[in-house]
Amino acid sequence: MKVDQFIVIMVSLLSSVSLLVIVSLGLALAFGMMGVINMAHGEFLMLGAYFTITAVNAGIVLPVAILISAIAMGGLGMVIERIVLRQLYGRIWATMLATWGLSLLIVGVVQLVFGTSSNGIPTPLSTIHLGGYMLSQYSLVLIALAGVLIATTYLVFARTPYGTMARAAASLPEMAAAVGINVSRVNMITFGIASALAGLGGGLLAPLSGVSPTFGQGYIGDAFMTVVVGGASPLLGASTASLLLGGIYAGVSNIVSPVAGTLALLLVSMLVLRFLPTGLTGLWRKARQ
Amino acid sequence: MLEVENLVSGYGRTNILHAISLSVETGERMAILGRNGVGKSTLLKSLIGTVRPKSGSVRLDGQEISHLAAHERARSGIAYVPQGRDIFPTLSVLDNLRVSGFGRSVRARASMLDDVLTQFPILRDKRSAQGSSLSGGQQQILALARALMSDPKVLLLDEPSEGIQPSTVDQIATAIREMNVQRGMTIVLVEQNLEFAAAACDHALIIDKGEVVLKLRTADALTNRELQHQYLGV
């Protein structure tokens, strides 16, 4: 294999991994920290994408537009936590139904406001020529950003007072309250961060494809699979599952075909869950004990 | 001073405590004794607020706190060491301690952390270990130290001697007395183990059927076989 071909394959592999991280991190956080399975996660991505293209069309530069989307989705997430989710903690089916209803509502509202046709913005940055191949600079940016997202989320949850409180509240909410933690406020902030990550993800994906009200459905399957394969520990789970699934998808896609890549991804997910029902994180926990 | 008046509390429609009244003076070490199921743990949970009382009053230094949520009661000066300890399993020993001090200033937190690690050297040795990896006795010490981190006025303990080996039990009784003497903390200790209660506390309230039936010196409870048989099921 020539060097340029190797680099191109590595970049496409890391691209797949980073896409999975970007679409699944918010979902993993809400699930791992709060036990909330957010069926509207795909629609949060879609809203983030719409906010971004609306802002770009209004003349705002893309990075700022994406940040605005993240902040807007964070705020919306906190409102949704206050109005809908906080009534339903501990009732996983009720949470799933409520967020599924929410996803229908969001799709309906977006169709009313933006119509059903696809909107888009051009992919920023240009391409690099590498030997006989072309690499999109934007995909390199996404790879770097996925790393930054994981590192930042890790630092927030491992090193800040809020993060310590959120982890305490996630494992023993009553005891957390008894040591002075306002668990209800911590949950609101956590869901806000999860929603902001979804908004950021939608914004980052917006330039890659057309944005329509069904935009989220294209990513939600991958996002859920990553979270399920990853297991309960949000960061470690999402990153290791993204590495595994993204790596397999990109590897098989490059060698055989994208369809075979998707098949391989499904097969590996099924195998992982057959032998590790608690996901990759379960394996790691077992090894530590 | 901690005053409880006509407190009614329980789970769902079932009342466990029927208009219980008691008071514990500031700086007192008070044991709460009674058979299994008379409502001792429910009393402590109603005091810290993880069980919300249905009626009645709880006052801390004259301030009514029964309407406050658990985290507000904790920040107003009550700390709680629950049965089974409830160490945060995925947090390190240090984070288990820190998490209880976030209501205080950074400086107060740091100096208290240093005090606590000096008082309990085992926690300094294990500071980076996950809470779940500690032994039962080490977890109990961590739970005590965690309660200390918020510098509470009142410390509520629910059967800290349960399932702990004898040498650690002595260490815990000593630590409870020290917290009381050195920091002036009021101690409310729920116990089944009468000897441990006597080692940690001077006075005891005996609860039966959701009410206080007797107040006495723990030393007297130790020698009174009839009383032990009637109220403690010994």
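A nonpolar core is a set of buried Ala, Val, Leu, Ile, Met, Phe, Trp, Tyr and Cys residues joined through C-beta atoms within 7 Å. The structure discussed here is a predicted model, and its largest nonpolar core contains 160 residues. The model scores ipTM 0.90 and pTM 0.86.

**The largest nonpolar core**

- In soluble globular proteins, nonpolar side chains tend to be buried together.
- Within the core of 160 residues, the members that touch the most other members are Ile32(B), Ala145(B), Leu156(B) and Leu189(B).
- Helix α1 of chain A, residues 3–34, supplies the largest share of this core, with 16 residues.
- Leaving aside residues up to four places away in sequence, Ala145(B) touches Leu97(B), Val116(B), Phe120(B) and Leu123(B).

**The fold of chain A**

- Chain A is built from 12 helices and 2 strands.
- Along the sequence these elements follow the pattern α-α-α-α-β-β-α-α-α-α-α-α-α-α.
- The radius of gyration of chain A is 19 Å, close to the 19 Å that the globule rule gives for 289 residues, so chain A is as compact as a globular protein of that length.
- The C-alpha trace of chain A spans about 65 × 50 × 30 Å along its principal axes.

**Burial and contacts in chain A**

- Of the 289 residues in chain A, 50% are buried.
- Among contacts between residues at least 6 apart in the sequence of chain A, 75% join residues at least 24 apart.

**Confidence in chain B**

- The average pLDDT of chain B is 89, and 100% of the residues score at least 70.

Definitions and conventions. Residues numbered from 1 in each chain as written. Chains lettered and ligands numbered in written order. Predicted model: local features only at pLDDT ≥ 70, side-chain atom pairs only at ≥ 80, totals over all residues. Helix = DSSP H or I, 4+ residues; strand = E, 2+ residues; numbered from the N terminus. Rg over C-alpha atoms; globule rule 2.2 N^0.38 Å. Buried ≥ 20, exposed ≤ 12 C-beta atoms within 10 Å, placed from the backbone. Contact = placed C-beta atoms within 7 Å. pLDDT = per-residue confidence, 0-100.
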